[in-house]
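Me: I want to learn how to read packed helices and a ligand site. Where do we start?

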Amino acid sequence: MVLADLGRKLNAALSSLNRAPVVDEKVLDALLKEVCAALLESDVNVKLVAQLRQKVKTKVKAIFESSGDKTKEANRKNVIQKAIYDELVSLVDPGVEPYKPKKGHPNVIMAVGLQGNGKTTTCTKLAVHYQKRGFKSCIVCADTFRAGAFDQTRQSATKAKVAYFGSYTETDPVAIAAQGVSKFKKEKFDVIIVDTSGRHKQESELFQEMVQIGEAVQPDMTVLILDASIGQAAEAQSRAFKESANFGAIIVTKMDGHARGGGAISAVAATQTPIIFLGTGEHLTDLDRFSPQPFISKLLG
Ligand code: GDP
């Protein structure tokens, strides 16, 4: 189920509450059943869904019991709707502030993720985003694994009018990353984005490489690029990257497609790491800032 459908289903469930003449535990249970089914269909992890159900029930019961029969039906409905809204927000909010680039400082951002997740595209989108906000931005292509990776960076960076660094001859990604970052630091760039290689699956060589590049460039922020369409696999993938690359932020790509999106939500909880942007298309400006409350409000329409 794509995200827009999830929104519609959640909305339908919540508005069915408005039609209920009496709000009792049975109504609450039926509503939660619908909400949880919609979340599960969107690939949100089953444990997280069970927790949400339990937390809403506990919260609502406590409020009903403390206010007794005095609680009017309309108020009861509000209590339930607010409890569900708050729990949906906390699903996508680990309560951790992501790193914010600072002016007058070379902010090094390292992008990690599996091949095809949209890393190279997102690196350019990020550079465009920061460049527009007055940060002199550039990209270092440290992907020596995929043939054509540097050409792709060169083309998209040129199109975006963003400085770039890479090599056709150097085969050591750690050396390229270190050289590129050092060059751009000397040239007083504000945002230096390091694009790393991906591989098709989680392999120990890839993780070792992430650790070595991280040690060489000392990123201020490492960001995991996660494809929304991988569904439930997002959780295991994000856990594996967290152990080696210890990323501090997530960017979920391909939110414009037929992705269910719930896997990415589970990745937030699995790694206690915030989403900072959503990729919403193939164009360089298709990058939306992510904040938990507006996201859930928009989802619920
Ligand atoms: P990498 O291997 O991780 O560097 O992935 P690429 O940046 O090469 O992207 C793989 C494919 O996904 C390309 O065709 C991109 O145009 C596409 N892509 C990346 N981000 C998005 C997005 O947000 N939405 C859509 N629809 N496609 C995207």
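Reply: Start with handedness. A crossing is left-handed if the near helix is turned anticlockwise from the far one by less than a right angle, and right-handed if clockwise. Helices are DSSP runs of H or I, at least four residues, numbered from the N terminus. Here, helix 7 crosses helix 8 in a right-handed way. This is a predicted model: local features need pLDDT of at least 70, side-chain atom pairs count only at pLDDT 80 or more, and totals for chains, interfaces and linings use all residues. Residues are numbered from 1 along each chain as its sequence is written, and side-chain values use heavy atoms, with hydrogens and water left out.

Me: At what angle do helix 7 and helix 8 pack?

Reply: Two packed helices are described by the angle between their axes and the distance between the axes. Axes are lines fitted to C-alpha atoms, for helices over the stretch in contact; angles run from 0 to 180 degrees between N-to-C directions. Helix 7 (residues 173-186) and helix 8 (residues 204-217) pack at about 25°, axes 9 Å apart. Helix 7 and helix 8 are therefore roughly parallel (angles under 35 degrees).

Me: Which residues come nearest to the ligand?

Reply: A residue is near a molecule if one of its heavy atoms lies within 4 Å of it. Of the 17 residues around the ligand, Gly116, Lys119, Thr121, Asp256 and Glu282 come nearest. Helix 5 (residues 119-132) gives the most to this shell, four residues.

Definitions and conventions: Helix = DSSP H or I, 4+ residues; strand = E, 2+ residues; numbered from the N terminus. Parallel < 35°, antiparallel > 145°, perpendicular 65-115°, else oblique.
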